[in-house]
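Here is my note on the model you sent. Please keep the structure open while you read.

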Amino acid sequence: MRNRVKKQSAAMGNEKSDIVLKGGNIVNVFTEEIIKGDVAIVEDTVVGIGKYSGEKEIDCTGEYIVPGFIDAHMHMESTMVMPLELAKVILKWGTTTLIADPHELVNVRGEKALDFLLDATEHIPLNIYIMIPSSVPATQFDTNGAGKFLAKDMKKYRNHPRVLGLGEVMCFHDAIEGKKEIMDKIILFEDKIIDGHAPEIKGKEIQSYRMAGIDDDHECITFEEALEKMRSGFHILIREGSGAKNLETIVKGILHEKLPFEQCMFCTDDKQLDDIEKEGHISYNIKKAIELGVPPIKAIKMATYYPAEFYGLKNHGAVAAGYMADIVVLKDLNQVKVDFVLKSGHIIDDNYLSLFKYEIKEKEMLNTVIFKSIDEERLLLKRKQKNHVIEIVKRQLTTEHLFEKIPGKGDIFVPNGDYNKLCVIERHGKTDHVSVAPLKGFGIERGAIATTVSHDSHNIIVAGDNDGDIVAAVNCLKKLQGGYVIASNGKIIESLPLPIGGLMSNLPSGVVQRKVKTMIDTARKMGVHDGIDPFITLSFMALPVIPKIRLTDKGLFDVEKIEMITEN
């Protein structure tokens with residue numbers, strides 16, 4: 001009560017505010033105006049807009065004052081750093097809030113992983129809200145570490161203050177058909193937000209998915225798909241990450257058809273630290289939308305007010321009295337050029353960030369890579385008159401399903417620069433399965449790339465043009481207990497350990513970012529094609545819920561027919 005009285009007194013101008021941003025151009029997301037004035041802040045709250053004095057005053061003349069940006073759907077694990085390290089990276093780009101779906105780590109270690117991440121996101125200078133993973137595992141067609149995460153396991157998390165709802169329902173066919181296991185989870189969260197994941201569904205399938213209780217979707221690749229889902233009441237999370245880049249197509253379509261943007265929000269889904277360093281985070285989505293012709297305030301609202309309203313984040317998403325003092329001050333509105341950021345009324349700088357520390361306490365998150373070392377004999381693939389082939393689609397997560405002649409010697413497939421060998425090795429100590437398939441469009445030559453980051457069950461996935469380097473890369477991952485590895489001429493030439501669940505590092509973000517950049521550059525020199533992220537794109541080749549064909553530890557899987565093509 002005392003704090004409220006102080007804030008109201010400051011709002012009336014009866015006493016000085018803690019901080020006042022003076023004379024800026026304030027973007028009002030309610031009226032879509034730009035208003036010149038002061039922004040008064042007491043503790044973590046904006047108390048007034050107008051003319052104010054403060055204990056500390058910052059001249060913002062000629063600059064633009066906007067709400068902190070919100071990423072409406074992100075997997076923190078894909079950045080491969082701890083949440084505190086992630087905060088240090090994205091805060092400088094203006095992102096102050098994440099809606100995180102931690103299904104990556106939960107697939108590896110279940111409830112222990114969820115508890116670990118809830119703890120790691122508790123006292124850091126970033127708002128991180130959690131969507132409880134709905135699809136652990138994503139399907140019955142691959143093997144994860146955690147086993148099933150059921151509605152009964154979720155109940156204790158339902159009322160956690162930072163839990164907003166149910167994470168992306170990737171088993172969309174089960175939801176469309178109303179199967180009990182997923183419907184139990186949806187019913188548990190029916191008064192909260194339920195995220196979707198349903199690429200390429202159409203017509204009555206969209207209607208049934210909506211009727212199941214799904215509220216949004218982030219998997220739209222074409223404008224036509226987004227439009228049909230919007231017409232059915234879905235909110236569309238427009239994704240621009242490292243592997244999938246869907247913003248331009250969807251935004252151009254909305255502009256051409258003169259449709260409203262109120263159902264749209266921005267997300268990154270999965271974005272590498274190096275791409276964030278080069279481009280920005282949600283700031284990049286805003287900038288790109290503006291360049292395509294979206295009015296700047298509309299673009300800002302898709303990153304602030306719209307996601308805050310949709311996810312029920314009271315006091316987020318605006319610069320106005322009573323709202324959190326999560327604020328981005330821009331030198332240039334159209335270029336989304338950040339001058340400085342305030343989080344909960346604190347100016348973000350190195351001194352402030354140095355106040356935060358986190359130490360990993362949960363030993364269960366370590367030593368998660370368990371498999372028998374492989375040899376070349378286990379990688380043999382029979383060549384037939386024609387074989388099923390996975391073809392990568394540039395700048396997308398979808399694949400094409402080819403059926404064609406592949407290179408080889410006799411009846412054995414021999415990879416090359418055009419047809420790489422893709423292998424998935426079960427790494428949770430459960431089945432010891434190894435699956436092999438031809439991969440087209442990746443392009444690596446004179447080596448192999450391997451990782452334990454392999455959505456969503458996170459078995460080992462590796463692609464290469466020769467068996468020797470594939471074996472060397474995979475067996476190195478066992479020694480590292482997870483990570484990224486590049487092998488060439490039988491030797492490991494680059495590696496990044498990811499010992500936390502085989503997905504995350506305990507190193508500073510700068511160290512991880514520089515190492516990933518080096519490894520991506522190395523992969524490019526070895527032939528990995530432009531438009532393909534050497535690691536993120538590869539990591540999705542095992543996810544059996546994105547069309548059209550995938551390889552899991554259980555074999556080659558036809559996503560459209562929902563059936564195994566080959567089985568172990």
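The points below cover a sheet, a contact site and some backbone features.

1. Ground rules. This is a predicted model, in which local features need pLDDT of at least 70 and side-chain atom pairs count only at pLDDT 80 or more, while totals for chains, interfaces and linings use all residues. Residues are numbered from 1 along each chain as its sequence is written, and side-chain values use heavy atoms, without hydrogens and water.

2. The sheet. Three strands pair in parallel as an open sheet, ordered β11-β12-β13. Strands here are DSSP E runs of at least two residues, helices H or I runs of at least four, numbered from the N terminus; pairing takes at least two DSSP bridges. The edges are β11 (216-217) and β13 (264-267). Helix α11 (residues 282-291) packs on the sheet and touches β12 and β13. Its direction makes about 130° with that of β13, using axes fitted to C-alpha atoms (for helices, over the stretch in contact) and N-to-C angles from 0 to 180 degrees.

3. Positive phi. Most residues other than glycine have a negative phi. K258 has a positive phi of about 55°, and D269 one of about 65°. K258 is exposed at 73% relative accessibility; D269 is buried at 3%. The cut-offs are under 20% for buried, over 50% for exposed and partly exposed in between (1.4 Å probe, protein chains only).

4. Cis bonds. The V136 to P137 peptide bond is cis, omega near -5°. Another cis bond joins H455 and D456, with omega about -10°.

5. K16. This residue is partly exposed at 45%. Beyond neighbours within four places in sequence, K16 contacts A10, S53, G54 and E55 (heavy atoms within 4.5 Å).
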